[in-house]
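Please follow this walk through the model with the sequence and the coordinates side by side.

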Amino acid sequence: MNMLLKVLALLVAAAVVVRGVAEPFLIDLTDPSTYAGHWGGPSLIGVLAVSLGPAVLAAMYLYGSVVRWRRREVVSSTK
């Protein structure tokens, strides 16, 4: 069960990062009508903060997970 939760957390984090990276390319930054209805709208700063903020946190989580996994792999291979 613990492994299932970790895998689900990694999948959700990866999806949030992909959405955060894609958001600036999916909206027209010069046309407010394309992002006015998005979360954080109607301002561009709000929309980008709502999409990029969680993406940064999710990327940090993914990075930490990879570092912990590699550290555990290196320690177990030296024994």
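In this predicted model, a nonpolar patch lies on the surface, formed by Met1, Met3, Leu4, Leu5, Val7, Leu8 and Leu11, which together have about 760 Å² of accessible area. Met1, a member of this patch, is found in the segment before H1, and its relative accessibility of 75% is over the 50% cut-off, so Met1 counts as exposed.

Helix H1 itself covers residues 2–26, and its length can be checked against its geometry: at 1.5 Å a residue, its 25 residues should span 36 Å, and the end C-alpha atoms are 35 Å apart, which agrees with that expectation. Within H1, the buried residues include Ala13 and Gly20. Glu23 is also buried in this helix, because its relative accessible area of 5% falls under the 20% cut-off.

Glu23 brings us to a charge pairing. Side chains of opposite charge can pair when their charged atoms come close. A search of the whole structure finds one salt bridge, and in the pairing of Glu23 with Arg19 the side chains meet at 3.8 Å, N to O. The two residues are four apart in helix H1, and therefore Glu23 and Arg19 are separated by about one helical turn. Whereas Glu23 is buried at 5%, Arg19 has a relative accessible area of 47%, and so Arg19 is partly exposed.

Between the helices, the loop that joins H1 and H2 contains Pro42. Most peptide bonds are trans.

With a relative accessibility of 2%, which is under 20%, Val47 counts as buried. Val47 and Gly37 are 10 residues apart in sequence, and their C-alpha atoms are 9.2 Å apart in space.

Another valine of helix H2 is Val74, whose relative accessibility of 47% lies between the cut-offs of 20% and 50%, so that Val74 counts as partly exposed. Val74 and Val21 are 53 residues apart in sequence, and the C-alpha to C-alpha distance between them is 31 Å.

Definitions and conventions. Residues numbered from 1 in each chain as written. Predicted model: local features only at pLDDT ≥ 70, side-chain atom pairs only at ≥ 80, totals over all residues. Heavy atoms only, no water. Expected span 1.5 Å × (residues − 1). Buried < 20%, exposed > 50% of the residue type's maximum accessible area, 1.4 Å probe, protein only. Salt bridge = Lys/Arg side-chain N within 4 Å of Asp/Glu carboxyl O. Patch = residues over 30% accessible without salt bridge, like charges linked within 9 Å, V, L, I, M, F, W, Y side chains within 5 Å. Areas by Shrake-Rupley, 256 points an atom, 1.4 Å probe, with all protein chains shown as cover.
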